[in-house]
Amino acid sequence: MGRILEVKDLVTRFHTAEGTVYAVNGVSFHLDEGEPLAVVGESGCGKSVTMMSVLRLLPEPPAQIASGTAFFKGRDLLKMSEEVIEHDVRGREIAMVFQDPMTSLNPVLTIGYQIEESLKAHLDLEDEPARERAADLLAQVGIPESPKRLAAYPHQFSGGMRQRAMIAMALACEPSLLIADEPTTALDVTIQAQIVELMLELRQRRKLSLIWITHDLGVVAGLAERVLVMYAGYIVEEATVDDLYDRPQHPYTLALLAALPRVDRRRNQRLKSIPGAPPNLLVQPHGCPFAPRCEFAISRCRTENPGLTDVGPNHRIACWIDVRTRKQR
Amino acid sequence: MKSQPPIVIVDNLKKHFPVTQGIVFQKTVGQVRAVDGLSFSIVQGRTLGLVGESGCGKTTAGRTLLGLYPATAGRVLIDGIDVQHATRNKLMLLRRTAQMIFQDPFASLNPRWTVGSIVGEPLRIHRLLATRQERVDRVKELLGLVGLSPQQINRFPHEFSGGQRQRIGVARALASSPKFIVCDEPISALDVSIQAQVVNLLEDLQDRFGLTYLFIAHDLSMVRHVCDQVAVMYLGAMAELADRNELYEHPLHPYTQALLSSVPVPDPKKDRARHRTVLGGDVPSPINPPSGCRFHPRCPLAGEICSQEIPAWREISTGHWVACHKV
């Protein structure tokens, strides 16, 4: 399997009236062809901004990609001209599905028009073949009577159907990488299960590489092979799903898993909450970002940021402490 | 425990909203059956969870229960007060006894009021304390109770994070020393690491003051953790009601079974081994709910009788209630 995406030392900042927001502070990761990768973190941890930076979807200014490279199939997305990335990459090679299907669909255009638009723009299809393909795509994402549904407006669809339509749109040009940004967060659990199932099936059938951004550690367990955990603009742990849930090694991952109630277990104790709140991103980071909330923190944690280091095969963490021995590694 | 009389009794509660057409001469063309026959009771000091998907009527149920919406039919008794037929004085008493915590900590606090005025409002309305100084002291005490600093009394809501704002909402609910609190999705707007903080706070306060909660939520994992009893709603009606472990370990209603199997488990090995029932379709509209059992169009077990007759609300074993023809 080849590398499809390789991001190195990505730094993204926002220059706002209140000061500089340190949103992404040196993020490096890779994705292999056909691999499902999950990016987990709480709101404001930089998981979406990382992906938006890679796709250059952030308005500059206020955003500024201060440094880094993002090689996709051998080409650096961060150095590409706007015209090239818009025509060759976005929607064509890399597609994105967003959280809220109601705000990402245009309410005054039919579902059919919005799918056909991308087919016409990227694949230069005529009206008739574009319509046929759009109907076929809707059928593939499980919308019944798809030719008729092309004439429907987004408000006539339910939340789950809108998200299916968004996925159809994303798949229109047969992209090789799909980035799904919290695609099931706005949906009910039974609908969430439908969408997860659909995505897994599509990934297998089309050999898609998939990046799934979420805050839900439960969803991740069922769909990814490798997981990145982010906190305050840093990747703090990277592991295979089995390792992450069986042998989490970063204090933040540990705390997050302990704070999670389980539907499959009897309650035996109080939830372990993480004291404090995520850091203010307006302050230039120094030291480990999790140190103020970390039960293992030592003085070194407050002054020096631990980079990601290997702790096992396919397992990297950014921490000075070995949580099993509570000693400095 | 069982011998204790319930503090909240809900009997066949219904709330229908008219669907109207026309602007000047509005005529009713249908009814949204948002809540259509809800019955349960909660013992003092306990928590009942009300779960269901969006649009199933959980929030309407909570609000109708407290008399914020007039009920269409049915009866609610809270600490001996008949909510629908209470006199003005009784209603004021009810507003002190029963409080509410809202979902969105950004929308439920007045942005132009200081924390002191927000938390102190119930004290002023109910004239609970005679002097201003007493009220200020009480507000400071309440802030301390919910884990905020009494020095923050003159700050405004925008100066607080989501979790802290939810704490302000909790302090306001506690101000009038209530016995019963309806928690309407109190944590769903918060991040995971903050959710646990707020849930632990609610539990501590329950232990300390003997509070009774109706915990409305869609997060089934959290409901299992927090609640003693759980009621499952589907499209305005009750599907199942049982003690926590009974419901999660032996769900009887096909909807409960499907709902539980859809909840992702944060354990990859277990998740892979699990049998999944993925329900097809969406929740139908409550304006013209399906005939017979409301769940029958999506139900894997549905038979002929399910589309014709509304299933009775039966007690299968002690404390385990279910509405299904196939159980």
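Predicted model: local features only at pLDDT ≥ 70, side-chain atom pairs only at ≥ 80, totals over all residues.
Chain A has an open sheet of eight strands in the order 6-7-8-3-9-10-12-11, with mixed pairing. Strand 6 (94–97) and strand 11 (309–312) of chain A stand at the edges; each has a single partner strand, so one side of each is left without a neighbour in the sheet. On average, neighbouring strands of this sheet are turned by 20° against each other, direction ignored.

Within the sheet, strand 3 (residues 36–40) and strand 9 (residues 226–231) of chain A run parallel and are joined by four bridges. A:Leu37 stands opposite A:Arg226 in strand 9 of chain A. Helix 7 (residues 159–171) of chain A packs on the sheet, where it touches strand 6 and strand 7 (177–181) of chain A; the direction of helix 7 makes about 170° with that of strand 6 of chain A.

## The sheet of chain B

In chain B, eight strands form an open sheet with the order 6-7-8-3-9-10-12-11 and mixed pairing. The edges belong to strand 6 (98–101) and strand 11 (314–317) of chain B, each with a single partner strand, so one side of each is left without a neighbour in the sheet. Neighbouring strands of this sheet are turned by 20° against each other on average, direction ignored.

At one end of the order, strand 11 pairs with strand 12 (residues 320–322) of chain B in the antiparallel sense, over three bridges, and B:Ser317 stands opposite B:His320. Two helices of chain B that pack on the sheet are worth a look. Helix 5 (residues 162–174) of chain B touches strand 6 and strand 7, and its direction makes about 175° with that of strand 6 of chain B. Helix 9 (residues 254–262) of chain B touches strand 9 (229–234) and strand 10 (237–243), with an angle of about 105° to strand 9 of chain B.

## Strand 7 of chain B and B:Ile181

How many residues of strand 7 of chain B are buried? Five of its five residues are. B:Phe180, B:Val182 and B:Asp184 lie on one side, with B:Ile181 and B:Cys183 on the other. Strand 7 of chain B pairs in the parallel sense with strand 6 over four bridges, and B:Ala98 stands opposite B:Phe180. Five bridges join strand 7 to strand 8 (residues 212–217) of chain B, also parallel.

B:Ile181 lies in strand 7 of chain B and is buried, with 26 other C-beta atoms within 10 Å; the cut-off for buried is 20 or more. The bridge partner of B:Ile181 in strand 8 is B:Tyr213. Beyond its neighbours within four places in sequence, B:Ile181 is in contact with B:Gln99, B:Met100, B:Ile101, B:Ala173, B:Leu211 and B:Tyr213.

## Where the chains meet, and confidence

The contact between the chains takes 38 residues from chain B and 38 residues from chain A. On the side of chain B that touches chain A, helix 6 (192–209), helix 7 (220–226), helix 8 (244–249), helix 9 and helix 10 (268–273) each supply at least two residues. The largest share of that side, eight residues, comes from helix 6 of chain B.

As for confidence, the predictor gives the complex an ipTM of 0.79 and a pTM of 0.85. Chain B averages a pLDDT of 89, and 99% of the residues score at least 70.

Definitions and conventions: Residues numbered from 1 in each chain as written. Chains lettered and ligands numbered in written order. pLDDT = per-residue confidence, 0-100. Pairing = 2+ DSSP bridges. Axes fitted to C-alpha atoms, helices over the stretch in contact; angles between N-to-C directions. Contact = placed C-beta atoms within 7 Å. Buried ≥ 20, exposed ≤ 12 C-beta atoms within 10 Å, placed from the backbone.
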